[in-house]
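Please open the model in your viewer and keep the selection panel at hand. The tour goes from one selection to the next and says what is there.

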Amino acid sequence: MSNIIKKLRLLSSPTTFYIQVRNSRMNPLVPIQRKFIVPELFFSLEERLNETNERVQDPEKYSKVNIGFSGALRKPRKQEKFRTIQDLRNNTELEKLAHQGTLKVDLEVIQKEWENSLKPYHVKELAENYEIYKHLFGDYAFFYPVVTMNILYDFNEELMSPVYYGNLLKPKEVKSEPNVQFQSDSESLWSLIFTSPDDNLLEKDSEMIHWFIGNIPGNDVKKGEEIVDYMQPIPPKGTGFHRYCFVLYKQNKKIDFSRYRKSKPLRMGILMVLSACKKIWVNLWRKHLSLQERTFNTFDFYKEFEDDLTPAGLSWFQADYDVTLINFFHKTLHILDLHRDPKEMQKLILLKRLKNVHPFQGEKPLYPFPQALPVDKKWPIWLKNEIRDERDGKGRYRDMYREDDRPYIHEGKAVINVLPFKSLK
Amino acid sequence: MSTGFISLNIEDGEQQTSTPEDQNYFYACNGKSLIRTQKTTAMFRQSDNLFSSFVRTTQRVKDFQNVIPSIFQRLYSKSLNNDDLVLKEFVNRNPRNMELLRIARKPQGFSLDSPTLNYYYKLKFEKGSRNLTGWVEHNLGRKVVVASTNEWAIRKHLFSSIDTSAAENLGRVLAHRSNCFLKSLEDGGVTLEESPQIREKQTYPTHHKIPTMPWEVTEEDVEIYDAISRQLEDKDNKE
């Protein structure tokens with residue numbers, strides 16, 4: 001093991017190692033590859049001491065910087081506090097309710113007051129929990145989200161799905177653009193960016209931008225310049241939950257974002273003419289929906305416009321895979337799957353099973369050594385393996401047999417679970 | 001042999017495809033993965049002779065790739081655009097992903113301590129001499145959601161900051177805040193239980209009972225299951 005591990009760089013991402021293991025039972029000459037991920041923990045003593053010394057000598061280098069507005073707590077003065085508490089104590093009705101246990105505080109009033117006072121601090125802590133500042137702005141930056149955004153997606157005519165701070169949503173709820181509201185003066189300019197640090201499948205440590213509106217005058221998000229069109233989130237199957245962040249920046253002046261502009265599709269009127277030439281339409285539509293053009297790095301973006309932008313608002317949600325994404329991938333993005341739909345495969349296997357099972361006589365008894373019959377030599381290996389799996393009830397053919405009435409499965413590999421031999425009834 | 005390799009399927013030559021675009025593709029099985037190929041046979045005719053000789057010898061798919069990659073790659077269909085490209089190993093950087101999927105490890109080495117750390121998040125409550133605080137804590141020590149009678153927004157509406165009504169209202173405020181922070185689809189409220197961690201060995205294919213994983217169940221399946229169970233209950237009630 002020590003011979004194989006090389007010396008790692010400081011602050012590098014985790015690397016994967018491949019180890020060859022000899023399996024002495026079955027095939028001693030064929031090595032089995034086992035892979036595992038090693039975190040960046042193998043630093044030498046010198047490197048570690050250097051880092052600690054640097055932190056002691058130059059603490060400003062490693063301290064975090066507030067790149068946004070100061071979350072100034074508007075505290076009441078001590079005298080006011082004292083008076084109000086005295087009034088509360090002298091209030092006999094309140095006392096009665098408290099003793100009876102029927103005092104019910106108005107939650108909405110409290111929330112409004114909390115939004116003005118302590119919310120930025122709490123939200124900042126939460127965002128650090130989700131490592132949003134780390135992945136968007138780097139290790140040494142943060143900001144207090146002083147401006148609260150009310151973001152609502154229209155799910156139905158009746159229902160809306162809101163975006164708070166890490167709530168779970170599905171892609172079918174998030175297909176179209178949301179309704180964004182926040183408080184501001186009519187003169188100030190804002191810009192809204194909707195990114196996901198986890199959605200980029202091609203590049204490491206970079207994000208995918210789903211929506212970008214710049215130079216928003218005051219409150220109206222619709223009057224701002226749409227620099228990148230809205231594209232729904234695309235968390236693929238098996239990766240779990242991805243984060244999707246809305247970041248609001250306040251601008252000092254009008255900024256030219258033309259570098260980040262994506263080409264838009266043509267309008268509907270011209271579409272009708274070109275509907276005959278389907279290819280042209282597909283290529284144009286695809287240009288604005290190309291995923292590779294949508295790689296984004298807020299660190300570089302913020303560096304460019306550092307003097308004119310300050311981040312003021314933040315909210316995010318998490319999204320999982322949904323069945324509606326299949327159509328989106330196939331038809332709009334033109335990305336096809338390499339494998340068939342697993343539900344299709346299960347259907348085919350069910351049909352196979354139903355051919356062998358009699359509705360009135362029940363299932364046939366199983367023979368104990370299904371692999372004893374030879375497989376035709378002329379078939380290729382992959383097909384032979386399929387036939388063998390079918391006979392054993394392994395892998396996708398597991399549903400050919402019921403739970404306990406299945407043929408004996410023997411695996412000569414690194415033994416983890418070996419089933420006992422099952423005899424016929 | 002070469003054409004037979006490409007066009008053989010599990011069933012007798014028939015394909016049951018889902019989308020109309022799939023009709024332009026063959027699906028052939030490769031042991032572990034399906035190869036999707038276009039129906040134009042021109043590219044196969046070029047490699048006809050070479051490939052047939054390969055298939056008759058016993059080699060695995062990976063050896064093909066190492067020995068003659070160019071011919072092997074022609075078997076895969078041309079992708080429609082460059083967005084098919086994907087990293088070999090995709091790492092989801094979301095730190096809360098593993099907890100949501102119930103795969104993350106709960107610290108289990110503290111069984112001799114009391115209280116143990118065998119949880120993802122825990123509800124905690126502190127009764128001080130002047131104030132009450134309630135918070136949701138991660139096993140590493142981070143406080144996720146906090147509410148206390150310390151805060152002026154809450155203290156303004158309470159008679160005293162230490163009595164039972166204060167505790168009651170604190171609980172309501174904390175539930176409201178944690179709902180806004182972590183509004184999940186499963187429960188509208190905040191539950192006091194945590195589901196157990198999913199272990200690796202349960203997921204092995206040789207295990208005699210493979211439990212269903214939470215991310216494999218879709219909402220539609222749940223709706224169908226609920227509808228069927230309701231019908232069965234109605235039948236039982238009628239009888």
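A residue counts as buried when its relative accessible area is under 20%, as exposed when that area is over 50%, and as partly exposed in between. Keep in mind that this is a predicted model.

**Stop 1: a sheet in chain A**

Select strands E6, E5 and E8 of chain A, which form an open sheet in that order with antiparallel pairing. Strand E6 covers 160-163 and strand E8 covers 179-181; both stand at the edges with a single partner strand each, so one side of each has no neighbour in the sheet. Neighbouring strands here are turned against each other by 20° on average, with direction ignored.

To find one facing pair, pick A:Ile151, which stands opposite A:Val163 in E6(A).

**Stop 2: salt bridges**

Side chains of opposite charge can pair when their charged atoms come close. Over all chains, the structure holds 18 salt bridges. Three of them follow.

Select A:Glu54 and A:Lys61. Their side chains meet in a salt bridge, with 3.7 Å from N to O. A:Glu54 has a relative accessible area of 34%, so this residue is partly exposed. A:Lys61 is also partly exposed, because its relative accessibility is 49%.

Next, select A:Glu115 and A:Lys119. The closest N and O atoms of this salt bridge are 4.0 Å apart. A:Glu115, at 29% relative accessibility, counts as partly exposed.

**Stop 3: a link between two helices**

Finally, select A:Lys352 and A:Glu390, whose side chains meet in a salt bridge with 2.9 Å from N to O. Which parts of chain A does this pair tie together? A:Lys352 lies in helix H12 (residues 342-356) and A:Glu390 in helix H13 (residues 381-392), so the pair ties together parts that are 38 residues apart in sequence. Colour both helices to see the pair in place.

Then check the surface around the two side chains. A:Lys352 has a relative accessible area of 18% and is therefore buried. A:Glu390 is partly exposed, because its relative accessible area is 23%.

How values were computed. Residues numbered from 1 in each chain as written. Chains lettered and ligands numbered in written order. Predicted model: local features only at pLDDT ≥ 70, side-chain atom pairs only at ≥ 80, totals over all residues. Heavy atoms only, no water. Pairing = 2+ DSSP bridges. Helix = DSSP H or I, 4+ residues; strand = E, 2+ residues; numbered from the N terminus. Axes fitted to C-alpha atoms, helices over the stretch in contact; angles between N-to-C directions. Buried < 20%, exposed > 50% of the residue type's maximum accessible area, 1.4 Å probe, protein only.
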